[in-house]
Amino acid sequence: MCLEDYAGVILGGGPFNNTDTDKSELQRRVEADLVKLAAQLIEKDFPTFGACYGVGIIGTAIDAELDRAYAEEPAAVAVSLTAEGQADPLCEGLPSEFYALVGHKENCATLPESATVLATGQQCPIQMFKTGENVYVTQFHPELDHDSFAQRLDIYKNEGYFDPAEKRRINSQAARYAVDTSARLLHNFSTRYMPRR
């Protein structure tokens, strides 16, 4: 991949988890290709935004400890910016605490010294981090609104993230919170790195 052809890279979610023990041939190939790309992005400190699955890919590339101790059922959760997060340009315009949508089996348990925690959560201590100056990762989903969250529940209902019988309760819980604030991160990312014409 010739990075010079791109202004930035966004790595979204997916059904794979780096901590899965039984991996298909496809999953092993996807992970190998993405970890190789992540190493290149990190080495060049290339503008990158990883959400959810990005934790596993970027985390693996920087030798973070991944586990399932802080998994979160799909829900709207409170996210709190650290002092470093409040000072980071990507978090400009965000309040110190906001709600975002989550749903993950794995998480970063610890980060190497090369990474900085930008946001935390009550159940999952590392909700956002960065490595270098331009590689950002969120455990939560800033790209989701309530409608796309409901669609995601349909898509992932048999992937083991939640009990499908609980879908109505999960949607109802999430709908009680305004979650659009977290999308500011993607706005800031595109504004900061998109070439000016």
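Biologist: What makes Cys-124 too far from another cysteine for a bond?
Modeller: Keep in mind this is a predicted model. The closest cysteine sulfur to that of Cys-124 is in Cys-108, 8.4 Å away. A disulfide needs the two sulfur atoms within 2.5 Å, so at 8.4 Å the pair is too far for a bond.

Biologist: What about Cys-108, buried or exposed?
Modeller: Its relative accessibility is 1%, so Cys-108 counts as buried.

Biologist: Over to Leu-26. Where does Leu-26 lie, and why is it called partly exposed?
Modeller: Leu-26 sits in helix 1, which covers residues 25-43. Buried is under 20% and exposed is over 50%, with partly exposed in between. Leu-26 has 43%, so it counts as partly exposed.

Biologist: How far is Leu-26 from Pro-89 in space?
Modeller: They are 37 Å apart, C-alpha to C-alpha, and 63 residues apart in sequence.

Biologist: How many cavities of 30 Å³ or more does a search of the whole structure find?
Modeller: One. The largest cavity holds about 50 Å³ of space.

Biologist: Which residues line the largest cavity, and what classes do they fall into?
Modeller: Among them are Phe-16, Cys-52, Tyr-53, Lys-105 and Glu-106. By class, the lining has three nonpolar, four polar and two charged residues. Phe, Tyr and Cys count as nonpolar, while Lys and Glu count as charged.

Key: Residues are numbered from 1 along each chain as its sequence is written. This is a predicted model: local features need pLDDT of at least 70, side-chain atom pairs count only at pLDDT 80 or more; totals for chains, interfaces and linings use all residues. Side-chain values use heavy atoms; hydrogens and water are left out. Helices (H or I, at least four residues) and strands (E, at least two) are DSSP runs, numbered from the N terminus. Buried means under 20% relative accessible area, exposed over 50%, partly exposed in between (1.4 Å probe, protein chains only). On a 1 Å grid over the protein atoms alone, a cavity is a set of points where a 1.4 Å probe fits but cannot get out, and a pocket is an open set with protein on both sides within 12 Å along at least five of seven lines; lining residues have an atom within 4 Å of a point. Grid points are joined across faces, edges and corners, and a volume is the space filled by probe spheres set on the points.
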